[in-house]
Amino acid sequence: MLSTPNKKRLRLFQLVAVIFLTVSGGPYGLEPLLTYAGNNGALLLLIITPLLWDVPTILTVLELNSMMPVTGGYYQWVKRALGLRFAFYEGWWTWLYTFVDLAIYPVLFVEYASYFFPGMEAYKIPICLIIIWAGAGLNILGIVPVGETSVVLGIAVIAPFIILFITAFASHDVLFSIPHLSLSGIHFSSLGLALFIVMWNFCGWDNTMTYAEEVDRPVRSYIKSTVTAFIIIFIVYFITVLTAQASGISSAVLNDEGFPAVGALIGGSWLGALIAVGGMASTLGLFSAVLLSVSRVPKVMSDDKLLPKKLHSIHSKFKTPYISILVCAIIVSIMILWTFADLLIIDITLYGAGLFLEFLSLIVLRKKMADANRPFKIKLNIAGLCVMTLIPFSVYLIALAGSFATGDFSAALFAVIALISAELIWQIIKRFNPSIHQQP
């Protein structure tokens with residue numbers, strides 16, 4: 001368990017920024033949505049997917065965190081509810097998906113930086129490595145530097161899109177209108193990919209709970225900051241996609257050149273440049289914030305002898321799990337050559353499986369720890385929680401089925417194999433570690 005002095009704990013405003021960057025980092029990455037869902041389907045999916053996918057998730061993690069605001073978050077919840085075996089599944093799957101997730105951000109940084117330096121793609125690998133190791137160094141310094149940096153980067157991410165919307169709204173050449181919301185004419189495979197895009201841009205709420213013991217007044221702070229972050233994320237996404245549609249930009253150009261092209265079309269090169277800078281800030285902030293969350297999980301897994309004891313090491317000065325951070329950075333450094341589309345499919349497939357264990361843990365703990373103090377409690381009984389769980393799980397299955405329907409299902413197949421690997425690794429651990437042989 002980490003012992004963090006009050007002066008080194010995250011404050012409310014910093015936590016909002018860290019959550020925003022962990023889950024979102026702005027609308028960067030939403031660009032392919034119009035290609036897959038079209039004008040009519042894009043806004044509809046942007047409205048209904050968070051309601052079906054995020055709201056149940058947010059409610060679940062807030063209740064579990066209010067009952068157990070501990071380092072390791074979701075791993076500890078699953079361990080208490082389902083035992084060490086499924087806790088290992090949770091930690092293993094999350095570790096794998098976060099490595100995939102982290103590999104996306106340095107690559108996106110290079111793409112947005114290429115707006116200014118078109119030849120930068122040739123130096124993608126060394127630039128990505130610099131970003132990875134700079135983010136690792138920042139995390140080793142402690143949670144407060146990450147929080148303070150996240151506030152600055154969060155502002156840098158949001159401001160360009162507010163300026164974009166205001167500029168477009170004030171222009172006589174840009175006409176805003178809400179399209180007819182419909183999924184008509186969208187192929188099932190395209191619907192699956194569109195869902196993956198929206199789900200990815202709204203995922204990671206549970207990741208923000210892994211360092212709860214390093215947050216000032218965690219229960220109250222998490223409730224306020226999570227709700228605030230969700231509202232900010234939804235508004236920024238909605239006005240950005242609406243503005244992109246109003247600008248008249250083709251989905252092909254948007255997919256190839258990103259939101260900087262929308263900025264240049266509406267406000268000129270200065271606005272395109274500003275959005276590109278925001279994209280660079282977004283990827284840097286996302287990388288640091290996500291690395292912060294995942295680096296705490298190997299530590300608690302090593303406490304349970306599921307991973308090497310060395311991962312338990314805490315830096316003598318900064319009180320951070322520096323070995324875990326370094327190991328994460330090494331693995332991510334190897335994974336930066338994957339394609340964006342494949343990474344999304346693998347990412348959400350692994351994330352969704354782990355999320356299902358958290359929903360299941362909520363239901364089990366309602367029975368197993370019925371009298372435990374829950375400052376935040378969902379106003380549903382066990383049957384209601386089961387129905388609530390089925391809603392996001394159905395969205396997850398539709399997206400996964402859609403990825404198989406594309407014809408090229410190598411990424412989805414890899415993700416399924418990665419899910420199965422948890423049981424294989426668990427059996428190896430039990431074989432070579434007799435002290436946990438009796439665990440379920």
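Is Trp205 buried or exposed? In this predicted model, Trp205 has a relative accessible area of 1% and is therefore buried, since the cut-off for that class is under 20%. Trp205 is also among the residues with the most contacts inside the largest nonpolar core.

**Nonpolar core**
- The largest nonpolar core comprises 148 residues, and those with the most contacts inside it are Leu33, Leu46, Trp93, Trp205 and Leu306.
- Helix α4, which spans residues 84-113, gives the most to this core, contributing 20 residues.
- When neighbours within four places in sequence are left aside, Trp93 is in contact with Leu350, Ala353, Gly354, Leu357, Ala418, Leu419 and Ala422.

**Aromatic pairs**
- The count of aromatic pairs comes to 21.
- Tyr28 and Phe161 form an edge-to-face pair, because their planes lie at 65°, with the ring centres 5.0 Å apart.
- This pair links distant parts of the chain, with Tyr28 in the loop between α1 (12-23) and α2 (33-67) and Phe161 in helix α6 (residues 143-170), 133 residues apart.
- Tyr28 counts as buried at 3% relative accessibility, and Phe161 counts as buried at 1%.
- Trp205 and Phe230 have ring centres 6.1 Å apart and planes at 50°, so their pair is tilted.
- Trp205 lies in the loop between α7 (188-201) and α8 (218-247), while Phe230 belongs to helix α8, so that the pair links distant parts of the chain, 25 residues apart.
- Phe230 is buried, with a relative accessible area of 17%.

Note on methods:
Residues numbered from 1 in each chain as written. Predicted model: local features only at pLDDT ≥ 70, side-chain atom pairs only at ≥ 80, totals over all residues. Heavy atoms only, no water. Core = buried A, V, L, I, M, F, W, Y, C linked by side-chain atoms within 4.5 Å. Buried < 20%, exposed > 50% of the residue type's maximum accessible area, 1.4 Å probe, protein only. Helix = DSSP H or I, 4+ residues; strand = E, 2+ residues; numbered from the N terminus. Contact = heavy atoms within 4.5 Å. Phe/Tyr/Trp six-rings, centres within 6.5 Å; stacked < 30°, edge-to-face > 60°.
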